[in-house]
Every structure is written in structure tokens, then in C-alpha cells.
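The sequence and structure come first.

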Protein chains: 2
Amino acid sequence: MTVNLKNLLNPNKKISKMGDFQELERIEGLSISAVSADLYGDGRDDLSLFYFKDGAKFAALYTKSNIVSESINWNLKLKNKITKALLVNTKNANTFTGKQGFQGLKELSRSLSKHLTLKLAQAPKGIRDVIDPNEIIFASTGVIGDTFPTEKIKERIPYLVQNLKDNQNKYVWFKAASSILTTDTRPKLAFEECEIGSKKILISAIAKGSGMIAPKLRGDHATMLAFLFTDANIPSSILRGLLSKNINTTFNAITVDGDTSTNDSVMIFATSKVKNSKIYNVLDPKLKGFEKALHNVMLNLSKQIVTDGEGAKKFITINVIKARSTQVAKKIAFSVANSPLVKTAVAGEDPNYGRIIMAIGKSEESIVANNLTIKFGKFTVVENGQQIDNYNEKIVKEYMKWDAIEINIELNMGKSNFTVYTCDFTKDYIDINTDYRN
Amino acid sequence: MTVNLKNLLNPNKKISKMGDFQELERIEGLSISAVSADLYGDGRDDLSLFYFKDGAKFAALYTKSNIVSESINWNLKLKNKITKALLVNTKNANTFTGKQGFQGLKELSRSLSKHLTLKLAQAPKGIRDVIDPNEIIFASTGVIGDTFPTEKIKERIPYLVQNLKDNQNKYVWFKAASSILTTDTRPKLAFEECEIGSKKILISAIAKGSGMIAPKLRGDHATMLAFLFTDANIPSSILRGLLSKNINTTFNAITVDGDTSTNDSVMIFATSKVKNSKIYNVLDPKLKGFEKALHNVMLNLSKQIVTDGEGAKKFITINVIKARSTQVAKKIAFSVANSPLVKTAVAGEDPNYGRIIMAIGKSEESIVANNLTIKFGKFTVVENGQQIDNYNEKIVKEYMKWDAIEINIELNMGKSNFTVYTCDFTKDYIDINTDYRN
């Protein structure tokens, strides 16, 4: 996909010379390692470790699906508020693996605990500590139902621990972000800096996701593989509150294929290395800058996931405005975003607004057809419920050739808006998914 | 698609030598005509007229979409219980055409009324009659939003009326069924015969549909382009009751792409030429045979639509059994049937049951994973919530090469079942739909 991320994503950020990628900065208190356990059989990195030597405050939202990964089940059972490490594997979702999958995590957590403790024993005095297996968080992504490759991963744990890099430069982040991918064609990275009080705070974040993307996140259960790291000192409960507040307009506002994963998770880890002023609640005015930065990182990653949607050639923004409620706007926006007929029309660069009308109609939300305005970008095609008089399809067809298409739907029935981000539907999606397990 | 319809559809019916098509029989009191108004610009038939010289009792279910065709709006405004004619056009949906589209129907109904009355004036004494424009029903299918081609259709009305054939043989039915198609690759026809009391009753029916197929039918509003004709004498209210009773397991149980049309309609016309005993209500035991025949015709056409789904190479039956309620079974079955990832896996002949698990999970219906059994055809792959011990994927892969695939999901939580019919998702679907309007 040739979309220039610079135009799509937050424009005021540093862009790395490695391409259209932001340079991520070091988060104090975090070490990173990414290696290959050869789970794909082609030597690519597929295993990554994020280690917090002095622990991190942690919050997560998990998939709303009723069948979830054993890795999520593991995390949900942990009582500890402090997290010492996050282990991520790809290729295998550890879903529908039952006891075998859960037992695998037990073994891996014990092995990881042992090797991290060994490593610490060699470290300078003062940071010596024992890692509790219950301080380890897991995330998995890949094929559902396959036996969890415990042994293959376990073998690589000594090497993984040995490779931990405390000094994460942009290459370390790039390697880590690459090691969590499945069908993605490129890593997803985002960075923001902000202030809490007068203290500078950093957020470095990575994500993966390309197919099976239609996150549905809720209070304590949400969906997406995204890992956010900050050096701020913010309690877990407030971190979770901030994720929940910002999830609906970011990860919950994207869709590639309408298929919701059993695995996806959004996690935030705060190393608390910056001694910012104490935060007492989620509405604390001191959090304003941090929340904005967090929202930007989440939205940035969300858009990156969509631009890298399986087979995607075009990035589509669907704005539904002037609805009676946000719920109505959201339902209509997703009905359009998930319609195979709308998505194939965009792939065909065809301003077939009839399919948008169909998708609005099938949402079953009551609308007044005569109030409806539809625009492709700034080009109005429908007004007061019918095609405009001097409709010039030629101009709109030119617009449809762009890499990023905006579909604007004005219901003119209220004051609520919702925006959904998606991509077009091409033959490459079919190719990727008819052949996924081979 | 190479599925042998004989195996899929009702096996005890006559199959025409024209191929896998049933031979439809003449319905007394009905005349048919199909011509080309050159709406496609390639000379194919696109306009058909079904004329009931002595009127027909009529019932219909229309799309649940909140944006509907002006043709449906027209039909809903008619007060007459008796119908004299049905005019069907393709290429243009007459949706989002506003006043222009509705005005077009007014003109067409007047022209049709005039020409039918003229024809009758030449007919033998006794059947002379005047057709009221309000006794004419319309159905349209095609592109949404394009100006309704009133003039082009109007020009052909004299010729259309002139060509009416009272003696419908299989060729007349085949031509009529072909004239209502859009992206369909073949006409859809179904026939049943039954008895009411001791009187023989015939049902001849045709349908179209290939993409934008995910009918949602309700009491007085439903969705699908299917026309059923019978010589039985059954009141309109009872005809409607019978459609409603049988719609949920037939047209409401299919999906191609999850996109619900603004146009689709199921209509039944009863010419009352057979003097069967009077029917007083929908539960009348005398209706048993007729209802069974009606159900068979509806299911037969539904399956034909799915086997001819856009780009379809495989016919998929999804049985969800032992659910707590029919609603739960239906929601899960549709969640699996509409999943692009499941549909592409089937296209790839890959028994990727992980995607079925994903789709069950994303339905958000609460299930007990440990109770779950999943079978491809008769081959069990998951039992008690995990892959069976002696799982032989090779055998299942062989099964996936078949033209018709059965996915059986046992929830083991109750006694309710639901079956959905769908097709796989191939590159041809993308081809057809990126290029639809050209």
C-alpha cells in the first residue's frame, strides 16, 4: 500500500529515515529482546520479551469475544498489580489449546522467571531480585487451535533473556515491532512525548494486526495486539481508566474484515521512572497532556493497522455526522465499513454511492432518507436524499484514485458523530486468506 | 460453480434436459412476457411482465432495510387486494431515485394499463376488462441511485404486452427467469405440486440474487427477489401468513456477503383457478401439503441463490445445533456464515477450524467452550472444546475439496437448531464487484 503515512498519521512527529516510521525513544526501566524460535520455519523473529527490571504498573483491555486465548486467561488470573515481564509469541494464538496451552504458559513463566533471576544474580548489587512467575504477562497471535509450541519457545528463553537490551534505540524498537507480526507487511510503531506537571513523559508503542480486525473493546475486556510503554508514574487503575476512555475512538473504531479476534489485547506498562506528581483519578487535569498523547499513540497505531490491512490498497475514513446518538452514528459507520460491496467498490475506484446507501439501510437504524447528504471527500454526490443536479461523476472518479478516501455521511438528525477507519477489499485479501496456513 | 443441483436441491423433482433445472408447469390464469429494453446495452432480456387476466390474490414480504426501492414504496401504497400484473425490470434498482423514480412508476402503470386494456378489447368477449393502474405491482433490481429509465421501459411496453404467452411452457419460464437476473450466472426456477383437499395444486416459482444477499425478512417487511405463482385459491392474508411462517428457514437463512439489499422482495400470486375447498386460517390442516410444497419451493430457490453467489465455487451448509434458543443458534450460524476468514478458508479448501471458533466467539453469544463439537461433514475435528486426539487432517482436507461443504457446530447447551446456507469467498467476488458498474 502506497499511502504516505506522513499524511495519514500525526503530522507533527519525527519520521525515521528507515521509511515512514516514527523513531521510538528509550523508556527507562524497560529492556527489550526479540529472537527467532523458528515457529514459522523460515528464521524470522517470532518471540519477544519486554522486561521491567523494577516492575511496571500495568493495565489491559482484552477481546470481547467469548472464546479467548489461554494467554489472556493466564493474564486475567494474575493477582499482582506489578508486572515484571511481557512475553509475546506469534504464529500460534494459544487459543482452543485448553490445558495444554495453559500448562505451556506455566512452564514458560517458570523458565523465564529462572533465567531472569539468573541474569539478575550477575547484575550489579541493588537490582538483584527474584521474579515471580505470576509477574509475567503473555500475549499470543497466530493460528487458532494448533498445539501451543511450548518446547520450541522454552528452548529459546535463555537466548532471549541473554539478548535483553536496556538501551532501546530505534533499531531495537523496529526489531521488536517486527517480531510480533503475522500477516502484517510492516511493523507499527508510534511515539509521543508530553508532560505531567512539569515533567517530560515519553510513550513508545508498537502494535500488530492486519486481518481478523474488528476490535470490540469493553471496560475490562477488549481487543487488539498493542503494547504501550511509558516512563510515567500512574497507578494501574488510572491507566486502565485512560485506556477505556480512549479505546472507542481508536482501536474500537477500526475494521479490516469485521472478524473479531480471540486474542487481541491492548496493554499499557508504566515504569514510573519519571517522578511526576501523584495522580489521584482519571479526570485529574494534570493528565490532560498525557491523555492527549496516549490518544494520539492509540489512534496512530489504529490507523497503521488499517493501512496495513490484509490486501489493502486504500485507506478509508468513514465519517457519520449529525446522528441522533453516537451509537447510531457508530452502527451506521461500521455497517458501511464492513460492507464487502462498499469495500470492493472503493477497490475498483468506483464512486458507487448506491452501495453506501444500501449499507446505511441495512444498519436498520432509522434515518430520514430526504435528510441524507453523502460526500466523497469534499465532493457532494447526494443531498436532501437524492443525487445532486449537476453531479459530475468524472471529478469524483478522479478522487477515487487517491490512496486515502473519505466517505462523509451526514444524517442531519442530531448532533452526534462517529468516525471509523477501514481499508478496501482486494483480491490480495482472498489470496492471503485462502492460503494462510500453508 | 460445478455443484450438482440435483444433489443439493429437492431430489424428487423433475429435472429438465436443459440442464440441472426443474421444468416449471403452466399456472392457469397467468400470462408471461419477457423482452429487452436494452437497459444493459447488450440486448439481453431485462423486462418481464406477469399478467393475471382474472386477477390474482397477492401477498409479499419486503426488505427490512430502512432505505427501500421506490418500487416497494409503490406496492406498499396500493390498497387493492387483487393484482392484475407484475412488471419486473433489472439494471436499475429504482432506489434513491425519489420523485423521479416514483413518477416513473406512475407513468409505466398508466401505459401498461392502457396497453393491457387495448389487448383485452381484442380478446373474445367475456374477459374484457379495464386494468386499474393500482392493480399493477413493480419489482426492480440493479444499481442503486441511477436515474430510473422510465422512457426506455415505456417504449417497450406495447411489445411486452403483445408478447404475453398464456401457455407457459418450460422455455417461457426459462426466458422469464433469465430476464430478471443481474450478476447471476443462471436462472433460478423451482416447481412443486401438492393437493388441497383432493384438488391438485401447482406452484411455479422463479428468483434472482447473487450478490448483496443477506435477506432479513419480517412480518410485513422482508427481503428477496422471488416470485411464486400458484393456481390455488387462498386468501391474501393467509398467503402472507404462509410466507411469514416459512421465510425464516428459507430466504432468511441464506447469505452471500452479509449485505442486505434495499430491493429484495418475496411475492406470491394465487390465480385461484383451482376450486379447492375454502381456507379459513393459516393453520388449517388442509394447507399442510400446500405449505410443505411452498416451503420446498422457497428453500429450493434460496439454495439456488447461494450456489450462484457472486464468485462462489462451493456451497456451504452451517448447522448449529443444541443451542439454548433458535435465536442463539441463528446468530452463531450467521456469524460463521458471514465471516470473510471462514469463507476464504473454505475457498482455499483449508479445514481451518480456528476461524470457525473465532466466528463463534465474535457472535458474543455465551457458550461453553468445553462443550463444543465441530465437524466438517461427518468428520469430527473438535470435541469437548479441543481438537480430537487422533485428528487426521489429511482426510478432512480431502473432504474440503468437495463442492458442497457442511460445517456442523454442536453447542451442547440446549435443544434449538438453526441452519444457514452460504458460499465461499473467492477472487471472482472481488472481480465482479470492483467492476460492477462498468
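## Fold of chain A

In chain A, of the contacts with a separation of 6 or more, 81% are between residues 24 or more positions apart. The model is predicted, and its chain A contains 12 helices and 14 strands.

The C-alpha trace of chain A spans about 80 × 50 × 40 Å along its principal axes. The radius of gyration of chain A is 22 Å, which agrees with the value near 22 Å that a compact globule of 438 residues would have. Of the 438 residues in chain A, 62% are buried.

## Interface of chain B and chain A

Chain B brings 58 residues to the contact, and chain A brings 58 residues as well. Between them the two chains bury about 4800 Å², and 57% of this area is on carbon and sulfur atoms.

Five residue pairs are in polar contact across the interface of chain B and chain A, with both residues of each pair at pLDDT 80 or more. On the side of chain B that touches chain A, at least two residues each come from helix 9 (340-347), helix 10 (353-362), strand 12 (386-387), helix 11 (393-399) and helix 12 (427-434) of chain B. Helix 10 of chain B gives the most to this side, with eight residues. Sorted by class, the side of chain B that touches chain A holds 21 nonpolar, 22 polar and 15 charged residues.

## A salt bridge between the chains

Two salt bridges are found across the interface of chain B and chain A. One salt bridge joins the side chains of Asp431(A) and Lys427(B), at 2.9 Å from N to O. This pair crosses between chains, with Asp431(A) in helix 12 (residues 427-434) of chain A and Lys427(B) in helix 12 of chain B.

## Salt bridges within the chains

Over all chains, the count of salt bridges comes to 34. In chain B, Lys322(B) forms a salt bridge with Glu410(B), and the closest N and O atoms are 3.9 Å apart. Lys322(B) lies in strand 9 (residues 315-323) of chain B and Glu410(B) in strand 13 (residues 404-410) of chain B, so the pair ties together parts that are 88 residues apart in sequence. Lys322(B) is partly exposed, with a relative accessible area of 35%, whereas Glu410(B) is buried, with a relative accessible area of 14%. In chain A, salt bridges that share partners link Asp184(A), Lys188(A) and Asp308(A) into one network.

Glu398(A) and Lys401(A) form another salt bridge, with the closest N and O atoms 2.9 Å apart. Glu398(A) has a relative accessible area of 47% and is partly exposed. Lys401(A), with a relative accessible area of 45%, is partly exposed too.

Note on methods: Residues numbered from 1 in each chain as written. Chains lettered and ligands numbered in written order. Predicted model: local features only at pLDDT ≥ 70, side-chain atom pairs only at ≥ 80, totals over all residues. Heavy atoms only, no water. Contact = heavy atoms within 4.5 Å. Buried area = accessible area lost by both parts, 1.4 Å probe. Salt bridge = Lys/Arg side-chain N within 4 Å of Asp/Glu carboxyl O. Polar contact = N/O pair within 3.5 Å; in protein donor to acceptor, adjacent residues only side chain to side chain. Helix = DSSP H or I, 4+ residues; strand = E, 2+ residues; numbered from the N terminus. Nonpolar A, V, L, I, M, F, W, Y, C, P; charged D, E, K, R; others polar. Rg over C-alpha atoms; globule rule 2.2 N^0.38 Å. Buried < 20%, exposed > 50% of the residue type's maximum accessible area, 1.4 Å probe, protein only.
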